[in-house]
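Welcome, and thank you for taking a look at this model. Please keep the 3D view open while you read.

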Amino acid sequence: MPEFCGIELDHPVINASGTYDAIAARRIFGDALLADFPFSAFVSKTITPEPRAGNAPRRIWETPAGMINSIGLPNKGLDGFLAEDLPQLAQLPVPLIVSVMATNREEFSRLVREVGERDEVAALELNVSCPNVHSGLIVGEQPTETEALLEALRPLTEKPLIVKLTPNVANPEAVAVAAEEGGADAVSLINTLKASAIDPATGEPAIAAGHGGLSGPAVRPIALQQLRAVRAAVELPLVGMGGIASGADALEFLASGAAVVAVGTESFRDPRAGARIANDLETAVSRSPSRVEALHLE
Ligand SMILES: Cc1cc2nc3c(=O)[nH]c(=O)nc-3n(C[C@H](O)[C@H](O)[C@H](O)COP(=O)(O)O)c2cc1C
């Protein structure tokens, strides 16, 4: 049974934040979802201190082997999340990881303190692909900003802190090292890659915001390369993601040093993808037991 930051998982496949709405899935599939949940832990959509409506449509555009999204983090805000969503997510039969984001240290601190003190929460993921309103810099693009943020947040909770890296930098490993030095417990990667498309029908940007983030199989080789670079630079456990759509894809990430893999875009095509990939992994491992030891999948 894999262990991740002290959390026991039934298998090494979790979801990528923002790509699986467990509350909607429960409404549709009822208690059958709880009996056979597709992931070994659930990562929430990123929440922010205040409610957000998200961006105007169109917010999603299909591309060859992937999609561009600019959803704009619609969410109920911290208070709405704690009052309405957390009680429902706590009913899931797997550990809960809550993804949080803010644009200044004080607000980030409030999120980490208030989410971290809830017994229902096993760990927090810090989405650092956001600007610091004081410096104007994207926190996760700057090692110094990332380290300073972690140093401020680390004392506020004993729960594991996972830093989600952006791939939109020359050296993600430098940011991973900063996260490690600041006291992070794990690093997850990759978030989406900056991307644009033009709608041939209008000649205008296909996404209303003008650009968005690319995900899906198109990004997988980039994700793997970044994972390998980060693996070589830090000791922390890694969550690998980016275009995983099959057990074979997941094995690539595990063989490159991920402790756990996350499935994102593929869940839009196949809501059972997490369970399918976990099964495929189990089969692959039973066919090649030497791999079991190498990948710690027992
Ligand atoms: C529609 C959509 C919404 C997303 N929302 C979030 C989010 O709220 N927070 C976050 O950290 N990442 C978010 N992501 C990024 C994913 O968690 C993941 O890092 C990325 O999509 C790469 O994995 P994939 O190729 O398997 O989708 C989102 C991705 C998509 C496609």
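## About the model

This is a predicted model, in which local features need pLDDT of at least 70 and side-chain atom pairs count only at pLDDT 80 or more, while totals for chains, interfaces and linings use all residues. Residues are numbered from 1 along each chain as its sequence is written, and side-chain values use heavy atoms, with hydrogens and water left out.

## The ligand site

Let us begin with the ligand. Around it sit 23 residues, of which the closest are Ser-17, Thr-46, Lys-164, Gly-243 and Thr-265 (a residue is near if one of its heavy atoms lies within 4 Å). This shell divides into seven nonpolar, 14 polar and two charged residues; here Ala, Val, Leu, Ile, Met, Phe, Trp, Tyr, Cys and Pro count as nonpolar, Asp, Glu, Lys and Arg as charged, and the others, Gly among them, as polar.

Polar contacts are pairs of N or O atoms within 3.5 Å. A polar side-chain atom of Asn-127 lies 3.2 Å from a ligand oxygen. Backbone N or O atoms also take part: one of Ile-190 is 2.8 Å from an oxygen atom of the ligand, and one of Gly-243 is 2.7 Å from a ligand oxygen. The protein buries 97% of the 610 Å² that the ligand exposes when taken alone (accessible areas by the Shrake-Rupley method with a 1.4 Å probe).

## Backbone details

Strands here are DSSP runs of E with at least two residues, and helices are runs of H or I with at least four, numbered from the N terminus.

Another cis peptide bond joins Pro-57 to Arg-58, with omega near 5°. Arg-58 is placed in the loop between strand S4 (42-43) and strand S5 (60-63). In the loop between S5 and strand S6 (66-69) you will find Ala-65, a residue other than glycine with a positive phi, near 60°.

Methods:
Polar contact = N/O pair within 3.5 Å; in protein donor to acceptor, adjacent residues only side chain to side chain.
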